[in-house]
Amino acid sequence: MNAVVYDNEQFVAALKQGGLKRQSAIRWLYEDKELRKRVIAFVRNNQGNEEDGTDMFHEGIIVLDRNVRDDSFRGESSVKGYLFSICRFLWMNQLRKNSRITLVEPGNVKEEVEYETPERHFQSDELKTVMGQVLDQLGQQCRKILDLWKLSHSMAEIAAELGFDNDAQARKAKYRCHLSLMQLLEKNPGIMQRLKEWV
Amino acid sequence: MNIEQHFERIESYTEGGLSPAEKQSFERELTENAELKQAYGLYQMSLEAIETGIGNQLRQDLKQWEKSAASNAAPQEAKVVSFSRRLVQYGAAAAILLLVGFFGWQFLQQPVSPESLYGEYYELPSAGSIRGVDPGTKGAMDQGRQAFGEKKYAQAAQIFSSIPSNDPAYAEAQYLLGHADCQLQQFPAARAAFAIAAAQNDFRIKEKAEWYGVVSCLRVNDQPSGCGDALAAIAENSDHAYHDSAVALQKKTSKVWGKNSGR
């Protein structure tokens with residue numbers, strides 16, 4: 001049971017801090033039964049079932065976590081309202097993909113418009129799969145180092161967590177792992193095609 | 001492309017570590033230097049890849065919490081139990097605890113079997129990691145990967161063995177051959193294939209192959225020579241992808257391969 005209650009500022013700070021603080025903040029959001037029920041109800045009212053609703057709730061939390069860490073969440077609405085709007089957006093996208101979009105809005109539409117729109121781009125399933133394949137090729141230790149680094153852990157914390165003797169060793173390992181990841185991406189034809197389009 | 005040459009500047013730029021003048025110069029160069037722009041694009045892609053990993057981990061955590069919540073929600077009926085009956089229950093529980101403690105202690109004194117350590121440390125490559133395709137070797141490698149994915153390990157082993165040493169996918173073929181041999185319980189052959197894969201110095205394969213070379217050693221009879229040294233080399237290299245696992249395994253293999261892990 002999570003006894004802590006977060007306001008927007010505390011929630012954002014916890015997610016950005018990473019580690020156990022991030023974990024507890026996410027858990028707090030996950031354990032909000034009312035919010036989960038609302039997401040599931042929205043999905044069920046729009047041609048989905050309970051399982052789809054639970055999936056959307058999970059996917060919404062994943063997107064929210066990243067948006068908060070990337071400063072895409074501006075704090076203009078409550079974190080929970082923002083999560084609901086992400087879940088709604090994700091499910092609408094899913095319906096669009098399956099070409100069955102006739103959206104039934106929830107009863108309290110007035111409340112909805114107060115919510116920030118999730119602006120962050122959502123990775124396509126195809127890109128997620130390719131990225132997953134590349135990550136599989138990277139060693140477990142490298143993945144852990146890069147995750148911790150991206151979750152704003154200091155080199156001293158990374159060194160302590162992964163058993164390096166000092167910060168310098170952790171920094172060297174991070175450099176080596178990051179470079180390997182880029183080299184693996186460079187060798188992936190799908191990634192390079194996207195890159196060529198961008199360049 | 002020489003990524004190393006640009007890496008530090010790109011990272012400093014991305015993390016806001018450049019002075020205003022350096023930042024301006026970097027941004028100008030980005031418009032003029034195609035290689036720098038491509039390296040910058042790759043860096044951005046790498047951040048996306050890391051985020052994918054973080055998202056995947058969080059997805060797993062959420063599923064785990066879901067499972068725990070479901071099992072905790074199982075109905076529990078309260079029972080009214082008399083005091084004397086409770087005393088009997090406590091006595092029985094204490095006796096069971098003593099027995100479990102005694103046999104547990106006995107169990108811990110038993111040497112750890114190499115088979116159980118192998119079961120603990122061996123991991124079959126995930127489907128995702130064997131789906132990549134190297135241009136030029138598409139035919140045989142694809143067939144091998146497909147057979148491997150379909151658990152036709154004998155067929156996969158045959159195909160991977162046929163990939164010649166001058167083929168760009170040779171290291172990967174030997175690495176997957178090692179895994180196919182492990183599935184076929186051909187552990188000496190697996191160990192040899194992993195050694196060949198590691199010797200190719202392909203950065204994508206090398207550390208994995210070194211690690212699984214050691215893991216397959218656990219199932220080779222008569223304490224093969226060199227296994228302890230190979231394990232120690234990984235355990236001593238803190239940059240190695242399997243460093244932590246090797247340190248843990250080294251402690252456990254002291255009971256299997258002797259005090260110094262077979263050295």
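Colleague: Which residues of helix H8 (residues 140-150) of chain A are buried?

Modeller: The model is predicted, so local features need pLDDT of at least 70 and side-chain atom pairs pLDDT 80 or more, while totals for chains, interfaces and linings use all residues. Residues count from 1 along each chain as its sequence is written, with chains lettered from A and ligands numbered from 1 in the order written. Helices are DSSP runs (H or I, at least four residues), numbered from the N terminus. Buried means 20 or more other C-beta atoms, placed from the backbone, within 10 Å of the residue's own; in H8(A) that gives Gln141(A), Cys142(A), Arg143(A), Ile145(A), Leu146(A), Leu148(A) and Trp149(A).

Colleague: How many residues does H10(A) give to the side of chain A that touches chain B?

Modeller: The contact takes 44 residues from chain A and 42 residues from chain B. On the chain A side, the elements giving two or more residues are H4, H7, H8, H10 and H11 (189-198). H10(A) gives the most, with 12 residues.

Colleague: At roughly what angle do the axes of H4 (residues 50-69) of chain A and H3 (residues 34-72) of chain B cross?

Modeller: Axes are lines fitted to C-alpha atoms over the stretch in contact, with angles from 0 to 180 degrees between N-to-C directions. These two come within 10 Å. They cross at roughly 140 degrees.

Notes. A residue is buried if 20 or more other C-beta atoms lie within 10 Å of its own, exposed if 12 or fewer, and partly exposed in between; C-beta atoms are placed from the backbone. Two residues are in contact if their C-beta atoms, placed from the backbone, lie within 7 Å.
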